[in-house]
Amino acid sequence: MSFLHRLASLRLTAALMAFFCAGILLAYFGKLPFAPVISACLSVLALNLMVMMATNPRFRQQRSLFVFHLALLAIILLVALGRMIYLKGEAELVEGLEFDGQLVSMEAGPWHPWRLDQAKFINHGFSVAYAPGLKRLETRNKVSWIEAGGDRREAEIGDDKPLILEGYRFYTTWNKGFSLLFEWIPDGGEAGVGSVNLPSYPANALKQAQQWSLPGLKEPLWSMLQFEGDLIPADQEGHFRLPDNYRVVVRYGDQRWELVPGENQVINLPGGTLRYLELRSWMGYMLTWDATIPWLLAASTVAVLALAWHFWAQFSRRPWNQD
Amino acid sequence: MEALVELRVLWAAVVAYVLAGSIAIVGVLLKKRPEKIVLLLMTLGLVLHTLSIGMRWDRLGHGPFVSMFEILSSNVWSLMLVFTIAYWRLSVVRPMAAVVMPILFIMMGWLMTVSPGETRLPPTYHTVWLFIHIGFAKVFMGFTLVAVGLSGIILSRSTAFGSERFQRLPANERLSDLSFRCLAIGFVFESLMLIAGAIWAQDAWGRYWNWDPLETWSFITWLLVAISLHARLTFTVSPRRGAWMIIAVFIAAFLTFFGVPFITQSAHQGAV
């Protein structure tokens with residue numbers, strides 16, 4: 001038996017599928033990494049399938065079965081391509097500001113065509129409803145963007161309703177909270193506005209503080225948001241909102257300030273003046289990009305239809321109720 | 001008060017199912033075929049069960065997709081529905097009820113022990129893909145259950161007791177052919193379930209596949225079905241070996257549907 005015929009063996013297919021199954025189990029229990037196991041198994045299965053399709057004329061004659069396996073092959077190739085071009089990331093955006101392509105974290109395939117800087121939109125604020133027990137319900141986030149023709153568009157997105165720009169899909173997440181807006185006026189320099197995103201609320205209700213730094217300052221600053229009570233009651237329905245009464249604590253070295261909105265909002269620091277502006281919310285977005293998805297769906301649908309066609313043809317030859 | 005009525009209707013349905021199953025088992029033991037009364041009781045149980053699920057759906061404003069009580073109840077309903085149709089249409093193999101009903105008794109007993117407390121539908125469940133995904137999953141499980149019933153007969157025939165009780169049924173080869181037909185149809189629906197689930201996951205969580213525990217176990221089950229069908233179509237598989245393959249598939253599917261929700265707190269939590 002030639003090497004090609006051995007490679008096209010149906011027994012080998014069965015053995016490879018069993019190995020694939022065992023590999024996934026081992027990966028699931030943490031004994032092996034997922035990606036290499038899946039890549040190796042799918043590569044060998046694809047090779048086995050390709051050689052079988054090329055060398056087995058009987059296999060090609062069964063048109064429905066042939067189409068099914070061709071579609072399976074397409075799925076494997078598309079999944080591989082998808083890993084080369086995908087992007088998955090997280091971004092945080094303060095209410096009223098425009099997304100500038102900066103991500104908090106991300107992973108991407110080596111061939112990803114970076115177009116994030118063209119996916120500009122503005123976060124116009126959100127609402128999040130809570131059931132008793134701090135169970136997060138629906139998130140609604142208003143966003144706007146400018147289309148290629150120059151028209152301004154608005155939409156309301158959520159955890160399951162993405163904003164799609166340049167093929168990137170932006171979803172809201174559980175990750176959201178409060179943001180402190182400051183203006184930094186360096187001595188003899190130009191003033192600039194920046195925001196300090198505090199840890200996610202209410203997940204980190206007791207840790208509403210953040211360390212950050214200003215250009216030209218030797219030491220980092222530390223800011224904390226203080227307010228009384230729970231904004232979202234744990235034992236009844238509620239919604240995410242900004243606190244009505246609060247103060248902002250700022251520390252720099254041994255110095256400490258308490259800023260109260262409408263009263264004292266300015267701090268003199270070495271090298272400039274820091275002015276507290278206001279409190280806003282920020283939303284954490286998850287974004288994904290994978291151009292293979294529509295093709296994967298098409299290939300999967302063809303695979304299932306071909307399989308159903310094959311079984312239909314097989315089963316219609318003999319009635320079910322015949323002894 | 002409404003919740004109590006729903007539960008009473010559910011209990012009445014379970015009583016009808018248990019009576020149907022018990023009569024079917026006694027019928028096999030006594031070599032009788034009380035098929036009309038079994039079919040009637042199963043249909044009565046289904047009507048009552050549908051009413052109970054409908055009342056709860058109307059009261060809570062969402063289908064039985066969230067808690068273990070709801071998942072078990074809806075799965076007992078869908079498995080009974082598929083099995084009742086198979087029982088009605090496949091008259092030659094009706095005694096398989098004696099094999100299938102005890103499996104459903106276990107699920108009904110489990111259903112009686114879990115809390116029927118009120119639930120809320122998570123935000124990502126407000127989509128038509130939930131119904132499509134779950135619908136396909138239920139059809140897959142239903143056909144696999146029928147395949148298990150036929151496999152149970154094949155395996156029990158290797159004993160003198162089973163051989164005597166099921167002697168009037170078609171030969172093992174024919175039963176094996178029917179069981180693999182059911183598995184093949186189940187495979188088509190399981191594939192559709194995975195595709196619908198991937199579409200839902202893409203919309204809900206921005207990824208069509210993430211190897212979360214339920215996805216991983218669903219794929220392992222899919223692979224086991226694929227291996228079984230591949231072996232059946234490619235090699236000479238004896239009815240007994242084929243029956244064991246189908247039972248292995250059913251165990252994997254059962255653990256995926258009802259076991260995985262116990263070991264994961266991920267968003268994709270056994271909502272079948």
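Trainee: What share of the contacts in chain B with a separation of 6 or more comes from residues 24 or more positions apart?

Mentor: Please keep in mind that this is a predicted model. In chain B, residues 24 or more positions apart make up 81% of the contacts that have a separation of 6 or more.

Trainee: How many helices and how many strands does the secondary structure of chain B come to?

Mentor: One counts the elements and then follows their order along the chain. Chain B comes to nine helices and zero strands, and read from the N terminus its elements run α-α-α-α-α-α-α-α-α. The radius of gyration of chain B is 19 Å, close to the 19 Å that the globule rule gives for 272 residues, so chain B is as compact as a globular protein of that length. Its C-alpha trace spans about 55 × 50 × 30 Å along the principal axes.

Trainee: How many of the 272 residues of chain B count as buried, and what is the accessible surface like?

Mentor: Burial is judged by relative accessible area, with under 20% as the cut-off. By that criterion 60% of the 272 residues of chain B are buried, while the accessible surface of the chain comes to about 10600 Å², 69% of it belonging to carbon and sulfur atoms.

Trainee: Which residues touch the most other members of the largest nonpolar core?

Mentor: That core has 118 residues, and those touching the most other members are Phe20(A), Met42(B), Met80(B), Phe83(B), Leu104(B) and Met141(B). Helix H7 of chain B, residues 172-205, gives the most to this core, with 13 residues. To take one member, Met80(B) touches Tyr17(B), Met42(B), Leu46(B), Met101(B), Leu104(B) and Met108(B), if residues up to four places away in sequence are not counted. A second, separate core of 49 residues includes Leu93(A), Val128(A), Phe170(A) and Leu279(A).

Trainee: Is Cys41(A) buried or exposed, and which residues is it in contact with?

Mentor: For a single residue, one places it in its element, then looks at its cover and its partners. Cys41(A) lies in helix H3 of chain A, residues 34-55, and with a relative accessible area of 15% Cys41(A) is buried. Leaving aside neighbours within four places in sequence, Cys41(A) is in contact with Phe19(A) and Phe20(A).

Trainee: Where is the place of His310(A), and what does His310(A) touch?

Mentor: His310(A) sits in helix H6 of chain A, residues 293-315, and counts as buried at 5% relative accessibility. Not counting residues up to four places away in sequence, His310(A) touches Gln62(A), Ser64(A) and Leu65(A).

Technical notes: Residues numbered from 1 in each chain as written. Chains lettered and ligands numbered in written order. Predicted model: local features only at pLDDT ≥ 70, side-chain atom pairs only at ≥ 80, totals over all residues. Heavy atoms only, no water. Helix = DSSP H or I, 4+ residues; strand = E, 2+ residues; numbered from the N terminus. Rg over C-alpha atoms; globule rule 2.2 N^0.38 Å. Buried < 20%, exposed > 50% of the residue type's maximum accessible area, 1.4 Å probe, protein only. Contact = heavy atoms within 4.5 Å. Areas by Shrake-Rupley, 256 points an atom, 1.4 Å probe, with all protein chains shown as cover. Core = buried A, V, L, I, M, F, W, Y, C linked by side-chain atoms within 4.5 Å.
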